[in-house]
Amino acid sequence: MTHEATLPTPLPPTLEIPAAELLATARALKAQGRFDMLLDVTAVDWPGRSLRFDVVWHFYSTVTFARVRVKTRVAESDPAVDSLLPLYGSALFMERECHEMYGIDFRGHPDLRPILLYEGFVGHPLRKDYPIRLEQPLVPYRK
Amino acid sequence: MTARPALDALANPILPAFGPADVDGNVVVSIGPSHPATHGTIQMIAALDGERVKRVDVHCGYLHRGFEKECEAHTWHNLIPFVDRLNYCSPLINDFAYCEAVEKLMGVEMTPRTKYLRTLLSEYSRLCDHLTCIAASLMELGAMTPFLYLVMVRDYMYEHIAALTGARVTHSYGRIGGLARDLPAGWLTRLSEILTQYEEFVGRVHGLMDRNRIFIDRMRDVGVISTADAIDLGITGPILRSTGSPRDLRKDTPYLAYAELDFDVPVGIKGDNYDRYYVRMREMDESVYMIRQLMEMLPEGPINVDDRRCTFPEKTLVYTEIESLINHFKLVMDGPAVPAGEVYFAHEAPNGELGFYLVSDGSGTPYKVHVRSPSFVHMGGVARMLEGYQLADIIPTFGSVNMIGGECDR
């Protein structure tokens, strides 16, 4: 990337960490980096890779206006990371979305019900192996 | 036509977080998903003690249409009409935020005229969005006259933007590396007229509402949220500013031409409904002030960058020379060549931080598109603003949060 800004860069630097260090990293970011806002949680699916999913967090500091992106890799067999809900209240909805879309388990999250999808939806639609045309209507279509 | 299945054969699409047994026998009511007073398809399960809301469980997703999945099956250019449909009250800001994120990924620098035009149109869009939000919230409280005043001004703006973009609501006006077309003749003159009319009618709304006893009784000290809570819940935009925290990406990490503009960031006092109303009213004035500055600053020049990776060649050249024909064909069939990488870039949308997280694998189709939509995050925090107040307060609080279904549910 070749973009430089005078103020804190609007493009966040990336921090790649092992999944086990997530809570410690987030605590340090919050306490020392003053990253007081969890902006976003999502995942990226790389089928064929041994650790299939990237889980991606974006943090923002309302004090220094700095941003940071934290990434970790998890395996398909055990796609679990710690929930950041004890540190950031905004994790409640965002982790629910990531859970239903990618099947990432957020350990310690008390309420992983579907949020944009519905009860009984089978599969995780944003995984690359979920067919884009697959439909799961709740009410049968009229013929 | 097949017979309708029995009611108990249909699965319940939601599982409420609590039932009457969990809330000491308080009455549990379901509000929505289609309710005349909630502008937006959303369901709230509320536990009531008399008129008092004890606990709320917000269910969104009724407008989910697989935006992010669909994006992975189209070229980067094809997404522009899709992002328009996120926040359909201010589609231009979605366009520009998305296009600028892709431009960052490609290392493309927009032309000066585009930079100022995008800033001007972003502020114009913010005006439309705030007008819609305030008009709808006031109407829900029974104020029909301000609704008509504001929606009338907004309609002048819609018609005016339609003269530029060709569509009233979903404009598809941004382009990667530029804009769809330049301003038509006389557009800025009409803009000045509309801004004058806006000032007249917003002045009337101030006169009707600001010290209106009924309005204040409904809005003051209702739906209060503190700065610390708002930051913890990821709340940005006018709701965060209404708590007294002057956080605005246009000032804090300026993008487009905001660093060169003179404007204030209005803040509230205690983060209640009245503050949210007033912050939005004041922000509109600042937007008008910015638009007037930008009309003076607007430079001449091209609107599209001269970069064959993303900009379409001139139509006359496409018809007369083979290189441009191939260029056009490749851009349509393969999409713009966006280098592999990832980017997160955010604009200050009318509701808060609208961020695009894009991952490219080097092809003309995005590998992943994720939208950090302010409405969705705000829905995670709205329970904090509803609990403890009365059932009737749900309407003004929900109105002042300005949930936009298209953006929340994607």
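Two strands are said to pair if DSSP finds at least two bridges between them. Helices (H or I, at least four residues) and strands (E, at least two) are themselves DSSP runs, numbered from the N terminus.

Good morning, colleagues. The model is a predicted one, in which local features need pLDDT of at least 70 and side-chain atom pairs count only at pLDDT 80 or more, while totals for chains, interfaces and linings use all residues. Residues are numbered from 1 along each chain as its sequence is written, and chains are lettered from A and ligands numbered from 1 in the order in which they are written.

I begin with chain B. Strand 2 (residues 43-49) and strand 3 (residues 52-59) of chain B run antiparallel and are joined by seven bridges. Within this pairing, Ile45(B) has Asp57(B) of strand 3 as its bridge partner. The two strands form a hairpin with two residues between them, and Gly50(B) in the turn has a positive phi of about 65°.

Chain A comes next. Its two helices and six strands follow the pattern β-α-β-β-β-β-α-β along the sequence. Of the 143 residues in chain A, 40% are buried, that is, 20 or more other C-beta atoms, placed from the backbone, lie within 10 Å of their own.

Finally, the interface. Here 39 residues from chain A meet 44 residues from chain B, where contact requires C-beta atoms, placed from the backbone, within 7 Å. On the chain B side, elements supplying at least two residues each include strand 6 (341-349) and helix 14 (374-386).

How values were computed:
A residue is buried if 20 or more other C-beta atoms lie within 10 Å of its own, exposed if 12 or fewer, and partly exposed in between; C-beta atoms are placed from the backbone. Two residues are in contact if their C-beta atoms, placed from the backbone, lie within 7 Å.
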